[in-house]
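Please read them beside the sequence and the coordinates.

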Amino acid sequence: MTTTPPTSDVDPFADEVALDPYPVYAELRERGPVVRLPENDVYALTRYDVVRDALADWESYSWRNGR
């Protein structure tokens with residue numbers, strides 16, 4: 001079963017986020033382990049175990065597979 005990840009309009013590369021990123025990180029973690037950021041056309045992996053698994057299986061999570 002494939003599920004659609006939640007989305008967020010937050011721009012993690014915005015200047016104000018760079019000055020204090022932790023509230024944005026918390027907001028993204030609350031939304032789910034993977035969050036779509038349509039403004040930047042990326043997916044954010046928000047939790048340690050998800051990042052670890054993605055790094056261990058780089059062939060499945062490579063951007064080269066998607067485009």
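Is R52 buried or exposed, or does R52 fall in between? R52 is partly exposed, with a relative accessible area of 42%, where buried means under 20% relative accessible area, exposed over 50%, and partly exposed in between (1.4 Å probe, protein chains only).

1. Basis of the notes. This is a predicted model, in which local features need pLDDT of at least 70 and side-chain atom pairs count only at pLDDT 80 or more, while totals for chains, interfaces and linings use all residues. Residues are numbered from 1 along each chain as its sequence is written, and side-chain values use heavy atoms, with hydrogens and water left out.

2. Salt bridges. With a salt bridge taken as a side-chain nitrogen of Lys or Arg within 4 Å of a carboxyl oxygen of Asp or Glu, the count comes to three. R52 pairs with D53, the closest N and O atoms being 3.5 Å apart, and D53 is itself partly exposed at a relative accessible area of 40%. R36 and D41 meet through their side chains at 3.1 Å, N to O, and D41 is partly exposed at 38% relative accessibility. E27 and R31 form a salt bridge with closest N and O atoms 3.6 Å apart; because these two are four residues apart in helix α2, they are separated by about one helical turn. E27 is partly exposed at 33%, as R31 is at 40%. As background, side chains of opposite charge can pair when their charged atoms come close.

3. S8 sits in the segment before α1 (15-19), helices being DSSP runs of H or I of at least four residues and strands runs of E of at least two, numbered from the N terminus. S8 is buried, with a relative accessible area of 2%. A polar atom of the S8 side chain lies 3.2 Å from the backbone nitrogen of V10.

4. In soluble globular proteins, nonpolar side chains tend to be buried together. Not counting residues up to four places away in sequence, A44 touches P33, V34, V35 and L37.

5. The loop residue T46. T46 lies in the loop between β2 and α3 (48-56) and is buried, with a relative accessible area of 15%. A polar atom of the T46 side chain is 2.5 Å from the backbone oxygen of G32.

6. L45, in strand β2 (residues 42-45), is partly exposed, with a relative accessible area of 36%.

Definitions and conventions
A polar contact is a pair of N or O atoms within 3.5 Å; within protein, one must be able to donate a hydrogen and the other to accept it, and residues adjacent in sequence count only if both atoms are side-chain atoms. Contact means heavy atoms within 4.5 Å.
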